[in-house]
Amino acid sequence: MSERRQQILAIAAELFAEKGFHGVSIAELGAACGFSGPALYRHFRSKDAVLASMLVNISDELLTEGRRRVAAAGSPREALLGLIDWHVAFALEHQALIVVQDRDWGALPLEAREKVRETQRAYVDVWADQLLELDAHLGRQQARATVHATFGLLNSTPHSAFLETDEMRALLSTMAERALLQPSFAATSPST
């Protein structure tokens, strides 16, 4: 992707997070990028295409880097620590994208929505696979639920990042490690 397209996506993420996807006009987005609104069409065919590219690209980046971290790790524990480190850095650096994903999901074109869902499922499974390697008591659905709950914690940064970045990074990392690396509660929880 060209540097200019990346710049447009970064500016659009900030604007969409601030005003909502539907609250930002093409003219406003173009002006924020330093050109007229219609000039945006040289880079993206529509405002919908900007949103789609934004969320598809970041989902692809999360998955690619997640897989890279797992491949570089020497154990499931080391892999989870690498995944936590990566996702915490992402959540602190890309708070606007988290807001846009959360709030403007319904505005995402169907094809892009399916691509994002598919990629995010694969990213969850990268984490879940490591949990299953680490803890034989977990089932696949429980591992996925644990990962989703951890993402809820890590992706809370638009609402919870009240500390300096290094302090917030340490807090989120510690909380995620405690959630993921403790012995399975499946083996000790009472059956219903």
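Tyr 123 and Trp 127 both belong to helix α6, where they sit four residues apart, about one turn of the helix; helices here are DSSP runs of H or I with at least four residues, numbered from the N terminus. The model is predicted, so local features need pLDDT of at least 70 and side-chain atom pairs count only at pLDDT 80 or more, while totals for chains, interfaces and linings use all residues. Residues are numbered from 1 along each chain as its sequence is written, and side-chain values use heavy atoms, with hydrogens and water left out.

**Aromatic rings**
- Rings of Phe, Tyr and Trp (its six-membered ring) pair if their centres lie within 6.5 Å, with planes under 30 degrees apart counted as stacked, over 60 as edge-to-face and the rest as tilted; by this rule there are four aromatic pairs.
- The ring centres of Tyr 123 and Trp 127 are 6.1 Å apart and their planes stand at 80 degrees, so this pair is edge-to-face.
- Tyr 123 and Phe 151 have ring centres 5.4 Å apart and planes at 15 degrees, so they are stacked.
- Because Tyr 123 lies in helix α6 and Phe 151 in helix α7, their pair ties together parts that are 28 residues apart in sequence.

How values were computed: Helices (H or I, at least four residues) and strands (E, at least two) are DSSP runs, numbered from the N terminus.
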